[in-house]
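The entries follow the order in which I looked things up.

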Amino acid sequence: MPNNISYARPTIIVSRCFFEHTRYDGGIISSDVVKKLESYCDFVRVCPEVEIGLPIPREPIDVFLINNELKLLNKSRTEDLTEKMLSFANNYADHIPDNIDGMILKSKSPSCALNDAKLYGENGRVISKTPGLFAKVMLERFPYLAIESEMRLTNDKLRFEFFTFIFTYAMFRGVKTKRELVEFHSKNKFLLLAKNEKVMRDMGKLVAQKGFDDSTKKAYGQLLVKALKTPVKKSKMINTLLHLYGYFKDKLSAQEKAYFMDLVEDYRNGVVNLQTVLAILKSWAIRYSIEYVLDQTLFEPYPKELDHLKNERDVTERTE
């Protein structure tokens with residue numbers, strides 16, 4: 001872990017069916033990502049279908065497109081649950097606490113799917129895919145949060161982005177003073193540079209202003225979300241690596257410089273992964289006692305144990 005960096009504990013909303021027998025058939029869903037996160041996050045569990053009074057087990061429900069409107073109906077289409085679900089979802093959204101950093105919702109669910117629930121036409125045939133009705137409200141009401149499904153989080157790149165968001169955002173929530181904001185921005189400088197340089201510099205201008213109040217934190221937080229929601233691209237990461245290299249280039253031998261530039265080129269071409277390049281930079285920061293570099297969250301934006309998940313390949317693929 002980078003020097004003096006302690007990970008804040010994110011709070012995320014998760015579908016109850018990852019832990020409890022709340023599925024329509026009384027089953028439970030197994031997710032390696034959710035299981036691994038449980039040691040590092042606080043979970044708020046929700047099952048919209050049970051919350052609106054449906055039993056366990058129950059007749060399956062589906063999303064239908066009827067008269068150009070989304071409707072949530074039971075399989076036999078004898079009961080319209082649309083208003084119940086929308087009412088619950090909006091009431092739930094009204095009472096979500098300020099300490100929520102993200103959500104992991106059940107894929108393919110007519111209530112919780114982000115974009116892959118089956119959408120049925122009036123003839124009863126699948127015509128497209130759609131968000132579940134609860135998830136649709138969450139996405140509309142909370143565009144500033146990281147919201148994912150457990151299936152999408154089996155993708156290395158999406159998982160990297162989600163983990164980076166929730167741990168960084170949770171850290172930011174703990175900022176209470178100007179000194180803490182300065183420290184937060186300093187430690188996250190190179191992570192933000194790899195995300196969105198323009199937004200990072202706008203954030204720096206806010207930090208440089210005199211004083212600190214709720215409006216300052218709110219404005220900074222809005223920019224932070226914009227930066228964190230910018231996917232990392234390899235070209236931006238290489239630019240960031242070269243900025244870090246600038247702290248050492250006057251101290252290194254010609255052979256070390258050449259080796260590093262070759263390594264960056266290998267990373268560009270997919271021959272080595274990002275962690276290989278970062279390890280070299282970190283070793284130089286240790287050798288030359290450059291604490292500012294050692295403190296950068298870019299080296300480990302979230303607990304490294306979370307990288308040991310099934311289907312994990314390497315960090316190179318995360319930053320394509």
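**Entry 1: the loop with proline 57**

I started at proline 57, which sits in the loop between α2 (48-51) and β3 (61-66). The model is predicted, and I read every value below with that in mind. I checked the peptide bond from isoleucine 56 to proline 57 and found it cis. Its omega is near -10°.

Next I moved along to the loop between β3 and β4 (69-74), where I found asparagine 67. Its phi is near 55°, a positive value in a residue other than glycine. Asparagine 68 lies in the loop between β3 and β4 as well. I noted a positive phi of about 65° there, although asparagine 68 is not a glycine.

Are these side chains buried or exposed? Asparagine 67 has 62% relative accessibility, so it counts as exposed, the cut-off being over 50%. Asparagine 68 comes out at 74%, and therefore it counts as exposed too.

**Entry 2: phenylalanine 18**

I then looked up phenylalanine 18. It is placed in the loop between β1 (11-15) and α1 (32-37). Is phenylalanine 18 buried or exposed? Its relative accessibility is 8%, and buried means under 20%, so I logged phenylalanine 18 as buried.

What does phenylalanine 18 touch, leaving out residues up to four places away in sequence? I listed Ile28, Ile29, Ser31 and Val34, then Ile104, Leu105 and Lys106, and finally Glu150. I also took one distance here. Phenylalanine 18 and isoleucine 28 are 10 residues apart in sequence, and their C-alpha atoms are 6.0 Å apart in space.

**Entry 3: lysine 236**

Lysine 236 was my next stop, in helix α10 (residues 234-245). Its relative accessible area is 28%, which lies between the 20% and 50% limits, so I wrote it down as partly exposed. Leaving out residues up to four places away in sequence, lysine 236 touches Ala194, Lys195, Thr230 and Pro231. I also checked lysine 236 against aspartate 307, which is 71 residues away in sequence. From C-alpha to C-alpha, the two are 22 Å apart.

**Entry 4: the largest pocket**

I went looking for open space. Rolling a probe the size of a water molecule over the atoms shows where empty space is left. The largest pocket has a volume of about 550 Å³. It is lined by 18 residues. Which of them are closest to its centre? I noted Asp98, Tyr144, Tyr169, Phe172 and Arg173.

I then asked which helix gives the largest share of the lining. That is α9, with 6 residues. Both α5 (156-173) and α9 (214-228) supply at least two lining residues each.

**Entry 5: the whole chain**

Last, I stepped back to the protein chain as a whole. I counted 14 helices and 8 strands. The C-alpha trace spans about 75 × 45 × 35 Å along its principal axes. Of the 320 residues, 50% are buried.

Contacts came next. Among those with a separation of 6 or more, 69% join residues 24 or more positions apart.

Methods
Residues are numbered from 1 along each chain as its sequence is written. This is a predicted model: local features need pLDDT of at least 70, side-chain atom pairs count only at pLDDT 80 or more; totals for chains, interfaces and linings use all residues. Side-chain values use heavy atoms; hydrogens and water are left out. Helices (H or I, at least four residues) and strands (E, at least two) are DSSP runs, numbered from the N terminus. Buried means under 20% relative accessible area, exposed over 50%, partly exposed in between (1.4 Å probe, protein chains only). Contact means heavy atoms within 4.5 Å. On a 1 Å grid over the protein atoms alone, a cavity is a set of points where a 1.4 Å probe fits but cannot get out, and a pocket is an open set with protein on both sides within 12 Å along at least five of seven lines; lining residues have an atom within 4 Å of a point. Grid points are joined across faces, edges and corners, and a volume is the space filled by probe spheres set on the points.
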